[in-house]
Amino acid sequence: MSEQPLVGISSCLTGMAVRYDGRHKYQSAVMAAIAPKVRLLPLCPESMAGMGIPRGPVNLIEQRGQIRARGRDDPERDVTERLLTMGRIVARTYPDLCGYVLQSRSPSCGFGSTPIWNADQSQMIRSDGHGLFVSALLKAFPDLPLLDDRQLDPGSIARFLTAVRERAEAIGSRHGGNH
Ligand code: SF4
């Protein structure tokens with residue numbers, strides 16, 4: 001293959017200071033073991049959605065069977081649609097995305113790790129939620145290979161890279177079939 005596969009990544013993991021508190025979550029294992037093998041696409045859905053850096057923290061809440069993203073300190077601030085829209089835009093803009101490396105527990109980027117709170121945010125009701133950006137992305141790409149910062153051991157990274165290469169080959173052969 002001429003080009004390396006395109007892999008999205010929560011940009012705070014690459015050392016970009018984009019978190020709500022103005023800090024980053026640099027992960028050397030990602031940069032050492034994954035970055036040389038793929039084309040990394042660092043994205044911060046919350047900054048892309050115009051939420052600013054730093055910004056007020058957001059929690060996911062469950063209300064009438066729906067998951068919404070609301071300000072922790074300003075519960076009237078609802079950024080649900082903004083974060084879902086970012087996922088849809090990224091899916092449309094990068095149809096050749098072959099994988100994603102995620103920051104766990106984030107209301108935008110977490111997958112199966114994000115705390116879900118009750119409606120008034122007084123109590124966490126579960127801790128296996130999906131961030132809204134990722135939820136929207138996976139609607140477009142249900143089989144997208146994912147890895148998060150809790151899974152940066154060599155075995156998990158190797159399995160992720162294999163899945164990424166397989167997806168890249170599948171996308172390449174689909175495109176090849178059109179010629
Ligand atoms: S939205 Fe995602 S990329 Fe941005 S700081 Fe939060 S976890 Fe990192």
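Predicted model: local features only at pLDDT ≥ 70, side-chain atom pairs only at ≥ 80, totals over all residues.
Trainee: What radius of gyration does the protein have, and what would a compact globule have?
Mentor: Along its principal axes, the C-alpha trace spans about 50 × 35 × 30 Å. A compact globule with 179 residues would have a radius of gyration near 16 Å, and the protein agrees with this at 17 Å.

Trainee: What share of the contacts between residues at least 6 apart in sequence joins residues at least 24 apart?
Mentor: Buried residues make up 36% of the 179 residues. Among contacts between residues at least 6 apart in sequence, the share that joins residues at least 24 apart is 64%.

Trainee: How do the residues around the ligand divide into nonpolar, polar and charged?
Mentor: The ligand is surrounded by S10, S11, C12, V18, R19, C44, P45, E46, Q103, S106, S108 and C109. By type, this shell divides into five nonpolar, five polar and two charged residues.

Trainee: Why can the buried residues of α3 be said to line one face of the helix?
Mentor: The buried residues of α3 are L83, L84, M86, G87 and V90. Seen down the helix axis, these residues line one face because they fall within an arc of 150°.

Trainee: Which exposed residues does α3 carry on the face turned away from its buried side?
Mentor: The buried residues of α3 are covered by elements including β2 (39-43), α2 (45-48), β4 (66-71) and α4 (132-140). The face turned away from that buried side carries the exposed residues E81, R92 and T93.

Trainee: Against which elements do the buried residues of α4 pack?
Mentor: In α4 the buried residues are L132, F133, V134, A136 and L137. These residues pack against α2, β4, α3 and β5 (97-102).

Trainee: How far apart are the end C-alpha atoms of α5?
Mentor: Helix α5 covers residues 154-176, which is 23 residues. At 1.5 Å a residue, α5 should span 33 Å.

Trainee: What covers the buried residues of α5?
Mentor: The buried residues of this helix are F160, L161, V164, R167 and A168. Their cover includes β1, α1, β5 and β8 (146-148).

Trainee: How far apart in space are A17 and I53, C-alpha to C-alpha?
Mentor: A17 is placed in the loop between β1 (6-10) and α1 (28-34). With 14 C-beta neighbours inside 10 Å, A17 counts as partly exposed. Neighbours within four places aside, A17 is in contact with G22, R23 and H24. A17 and I53 are 36 residues apart in sequence, and their distance in space, C-alpha to C-alpha, is 8.3 Å.

How values were computed
Residues numbered from 1 in each chain as written. Near = placed C-beta within 6 Å. Nonpolar A, V, L, I, M, F, W, Y, C, P; charged D, E, K, R; others polar. Rg over C-alpha atoms; globule rule 2.2 N^0.38 Å. Buried ≥ 20, exposed ≤ 12 C-beta atoms within 10 Å, placed from the backbone. Contact = placed C-beta atoms within 7 Å. Helix = DSSP H or I, 4+ residues; strand = E, 2+ residues; numbered from the N terminus. Arc of directions from axis to C-beta. Expected span 1.5 Å × (residues − 1).
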